[in-house]
Amino acid sequence: TSSAVLLGERDIYHLIAVYDESIKFADEQIGIFFNAVGKIGISDKTIIIFTSEHGDMFGKHGRFMRGGPLRGTFYDGVLHIPLIIKNPKMSAKTLDGLVQHIDLMPTLLDFLGLKLQSNIAGKSLIPLIFQNKEVNSYIFAGSQYTPSANNPYFFKKTKVSAIRDNKWKLIEETTFDQEMQNSVSKEIELYDIVNDREELHNLAGI
């Protein structure tokens, strides 16, 4: 059996406060790191990439955390994450494009003038950075979650995937039996993210 989990506004406020505390701690550690890089004199020849794994919903759409666990999801609150690349040979600029984590490695190799030895899924972001040319016509995200045996709230395995371009976003969430052999249920969500940035109007099945 499973039990309902009800969180009030104070509970959600507390979760956000804990999250903000983690951001503050990370910011302090990044400051320490930058100071160390400066002290040893390598700031002018060091490329630094800052990003994160995922965001959090904090109760939006009645969901928390990332794709998969405890009714997580792949709304933009989870997928739209920071990406900052500090290259000492480049001036600062802000860019808008579809980017995936798998694009970071080929981008870094491109910066260093190193060639890939095999085909990979990621793409170098150099055309986006220097010519403002989109390198991905669409991007993909996926997550699989297996709850622990003693989880009292969620006991089914789930797989969540999403694919999007600059206008549309499709999310598929599949719940499986314990052996991951048979699909128990499947939910499909389709959003026009140009006109519905908050992803409030599911167009699947309309």
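Helices (H or I, at least four residues) and strands (E, at least two) are DSSP runs that are numbered from the N terminus. The model is a predicted one, in which local features need pLDDT of at least 70 and side-chain atom pairs count only at pLDDT 80 or more, while totals for chains, interfaces and linings use all residues. Residues are numbered from 1 along each chain as its sequence is written, and side-chain values use heavy atoms, with hydrogens and water left out.

Seen as a whole, the protein has 4 helices and 6 strands, and from the N terminus on its elements run α-β-α-β-α-α-β-β-β-β. Of the 206 residues in the protein, 28% are buried. Taking a contact to mean heavy atoms within 4.5 Å, residues 24 or more positions apart account for 47% of the contacts with a separation of 6 or more.

An α-helix has 3.6 residues a turn, so residues three or four places apart point the same way. Thr 107, which is found in helix H3 (residues 104-111), has a relative accessible area of 1% and is therefore buried. A polar atom of the Thr 107 side chain lies 2.6 Å from the backbone oxygen of Asp 103. Not counting residues up to four places away in sequence, Thr 107 touches Lys 123, Ser 124, Leu 125, Ile 126 and Ile 129. Just after H3, Gly 113 takes a positive phi of about 75 degrees.

Ile 47, placed in the loop between helix H1 (9-39) and E1, is partly exposed, with a relative accessible area of 26%. Leaving aside neighbours within four places in sequence, Ile 47 is in contact with several residues, including Leu 108, Phe 111 and Leu 112.

Another part of the picture is given by aromatic rings, of which the structure holds 2 pairs. Rings of Phe, Tyr and Trp (its six-membered ring) pair if their centres lie within 6.5 Å, and planes under 30 degrees apart count as stacked, over 60 as edge-to-face and the rest as tilted. The rings of Phe 33 and Phe 34 have their centres 6.1 Å apart and their planes at 75 degrees, so this pair is edge-to-face. Phe 33 is partly exposed at a relative accessible area of 44%, and Phe 34, at 34%, also counts as partly exposed. In the pair of Tyr 75 and Tyr 191 the centres are 5.9 Å apart and the planes stand at 65 degrees, so this pair too is edge-to-face. Because Tyr 75 lies in the loop between strand E1 (48-51) and helix H2 (76-79) and Tyr 191 in strand E6 (residues 183-192), the pair ties together parts that are 116 residues apart in sequence. Both Tyr 75 and Tyr 191 are buried.

Key. Buried < 20%, exposed > 50% of the residue type's maximum accessible area, 1.4 Å probe, protein only. Polar contact = N/O pair within 3.5 Å; in protein donor to acceptor, adjacent residues only side chain to side chain.
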